[in-house]
Structure formats: C-alpha cells, structure tokens
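Please keep the sequence and the coordinates at hand while reading.

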Amino acid sequence: MRMILLGPPGSGKGTQAQKLIEKFQVPQVSTGDLFRSAAKNQTALGKKAKEYMDRGALVPDQVVIGMVEERMKQPDCKKGFILDGFPRTIPQAQALDKMLAGLGMNVDAVVEVDVPDQEVVRRISGRRTCRNCSAMYHIEFNKPKAAGKCDKCGSELYQRDDDKEEVIKSRLKVYHDQTAPLVEFYSKKNLVKKVDGIGSIDEIFGKVIGALGAK
Ligand code: AP5
Ligand code: MG
C-alpha cells in the first residue's frame with residue numbers, strides 16, 4: 001500500500017490516515033506533522049517552516065522534498081506508506097516520482113477527498129490536536145473522552161496556530177492554486193480515486209477502502 005491522500009486543508013486527510021495505518025500497518029508520512037514536530041523542538045528546519053505555516057503559505061519545495069526523501073529512506077517505509085499533505089505542488093510530485101524510482105517503488109493510488117470550502121472552515125475551526133502525539137479531535141464531531149485531553153496519551157490538546165479563520169482562507173487559496181492541479185497530474189497516470197468527503201468519519205473510511213478496492 002503506497003498511497004497519497006490529496007484534499008484541501010481540513011478535508012480529513014489526517015483523520016483518515018490514522019485509520020488507514022491501523023488497517024494496512026504502514027506508516028503515515030505527514031509533512032505537516034513533521035514540520036510541527038520540528039517547530040516544537042525548535043530546530044532550524046522547524047523555525048523556518050513555522051514562518052510559512054503561520055501565514056498559510058507553502059514551505060519551499062526544496063525544503064519539503066529533502067525532508068520527505070530522508071523519511072522515505074527509513075526502513076518502515078519499505079512495506080508501504082500513506083502520504084498525507086505531500087506532494088502539494090507539481091515540482092513536489094515530480095520529485096516524488098524520481099525519489100520512488102530511485103528506491104524501486106511507485107505510487108499505487110491517489111485518493112482525492114472532496115470537501116467544499118465552507119465545510120473545511122467548520123471542521124478546522126473546531127479542531128483540537130494533541131501536543132504530544134498529533135492525534136486530532138473536533139469539539140463537536142469527534143470529541144475526546146475527557147475535554148482537552150488526548151484519548152491516546154493523555155496529553156494536552158491545543159488549537160494549531162494556522163487554524164485561525166484568516167489563515168484558513170489563505171490555505172484554501174493555496175490549495176486551489178497550487179495543489180488542486182495535482183488531480184490532473186495523477187489522473188493522467190490513472191491513479192486518482194475521488195471520494196466524497198461529506199459524511200461521518202467512519203462512512204468516509206468505508207468509501208476510501210472501497211475506492212482502494214480493499215475489504
Ligand atoms: P498540514 O498539516 O498538511 O495541513 P492541511 O493540509 O492544511 O490539512 P489539515 O491537517 O489542516 O487537515 P486534514 O485534511 O488533515 O484534516 P483533519 O483530519 O485534521 O500542513 C500545514 C502547513 O504545513 C501547510 O499550510 C504548509 O505551510 C506546511 N506544509 C505541509 N506540507 C507541505 C508540503 N508538502 N509543501 C509545502 N508546505 C507544506 O480534519 C480536520 C478536522 O475535521 C478535525 O478536527 C477532525 O476531527 C474533523 N473531521 C475529520 N473528518 C470529519 C468528518 N467526516 N466529519 C466531521 N468532522 C471531521
Ligand atoms: Mg492533517
């Protein structure tokens with residue numbers, strides 16, 4: 001299972017990835033999570049990425065590609081991976097093709113999660129993320145068992161700095177301008193499976209599994 005989850009911010013990529021990694025027992029590679037973890041650890045990469053993330057802009061391609069290349073070389077990616085939030089531009093997709101070819105791999109499927117902009121704003125404004133393990137919740141649609149605490153590790157839940165309404169608008173514009181063209185890029189390779197992202201988390205998971213032809 002080597003797949004890409006494509007979709008606007010807040011479409012549920014991370015939520016579905018967490019369910020998919022349990023089913024397929026392959027790692028999730030989320031560039032957003034990798035940058036947030038680097039920012040939390042105050043590394044040079046993290047500090048640089050945060051400047052872009054906080055205003056809803058994309059981190060420069062070379063920085064992202066270098067980071068993903070390192071991650072894909074780790075032994076756990078040999079059995080497969082779920083890419084969440086990467087690639088996000090045509091140059092990133094081309095770089096991914098090249099790096100996978102070098103590792104003797106290819107992408108099996110690109111699942112496009114389709115969610116309209118107004119629903120994105122509703123989802124992102126209620127999102128809470130675990131400071132420690134990055135698990136995510138929603139104050140209305142996916143509540144933690146104890147308010148403000150992660151079900152998995154008990155750590156504090158927080159609201160991401162880029163989850164403010166004006167930043168969400170920039171992220172959506174960036175998605176439509178720079179990331180949506182990837183649908184055509186991967187359609188030409190016959191890899192795109194489009195899934196309607198409206199419905200409960202479990203309903204959408206069922207649709208993703210169906211689109212992948214898995215049981
Ligand atoms: P990243 O972390 O990837 O953010 P994003 O793409 O904006 O996506 P989100 O994580 O906001 O949403 P999601 O689709 O994962 O939805 P989620 O499952 O959380 O990137 C952040 C930043 O990092 C970028 O802006 C950029 O600066 C930088 N970056 C990252 N990758 C990069 C790259 N490749 N190149 C350049 N820069 C990069 O769900 C959202 C909420 O909705 C949650 O609260 C969830 O509980 C809830 N929810 C989920 N499903 C449902 C449902 N079916 N019904 C109701 N609620 C639901
Ligand atoms: Mg995410």
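Cys77 has a relative accessibility of 0% and therefore counts as buried, where buried means under 20% relative accessible area, exposed over 50% and partly exposed in between (1.4 Å probe, protein chains only). This is a predicted model, in which local features need pLDDT of at least 70 and side-chain atom pairs count only at pLDDT 80 or more, while totals for chains, interfaces and linings use all residues. Residues are numbered from 1 along each chain as its sequence is written, chains are lettered from A and ligands numbered from 1 in the order in which they are written, and side-chain values use heavy atoms, with hydrogens and water left out.

The closest cysteine sulfur to that of Cys77 belongs to Cys133, and at 19 Å it is too far for a bond. Cys150 is also a buried residue, with a relative accessible area of 4%. Its sulfur lies 3.7 Å from that of Cys133, the closest cysteine sulfur, which is again too far for a bond. A disulfide is a pair of cysteine sulfur atoms within 2.5 Å, and the structure holds 0 of them.

Next, the helix packing. Helices (H or I, at least four residues) and strands (E, at least two) are DSSP runs, numbered from the N terminus. Helix α2 (residues 31-40) packs against helix α4 (residues 61-72) at an angle of about 95°, and their axes are 11 Å apart. Axes here are lines fitted to C-alpha atoms, for helices over the stretch in contact, and angles run from 0 to 180 degrees between N-to-C directions. The two helices, α2 and α4, are therefore roughly perpendicular, since angles of 65 to 115 degrees count as such, under 35 as roughly parallel, over 145 as roughly antiparallel and the rest as oblique.

From α2, the residues Thr31, Leu34 and Phe35 meet Val63, Val64, Met67, Val68 and Arg71 of α4, contact meaning heavy atoms within 4.5 Å. Thr31 is buried, at 3% relative accessibility. Not counting residues up to four places away in sequence, Thr31 touches Val64, Met67, Val68, Asp84, Gly85, Phe86 and Arg88.

A nonpolar core is a set of buried Ala, Val, Leu, Ile, Met, Phe, Trp, Tyr and Cys residues joined through side-chain atoms within 4.5 Å. The largest has 31 residues, and Phe35, Met72, Phe81, Leu83, Leu96 and Tyr186 have the most contacts inside it. Helix α4 gives the most to this core, with 6 residues. Leaving aside neighbours within four places in sequence, Leu83 is in contact with Met3, Ile4, Leu5, Val29, Met72 and Leu96.
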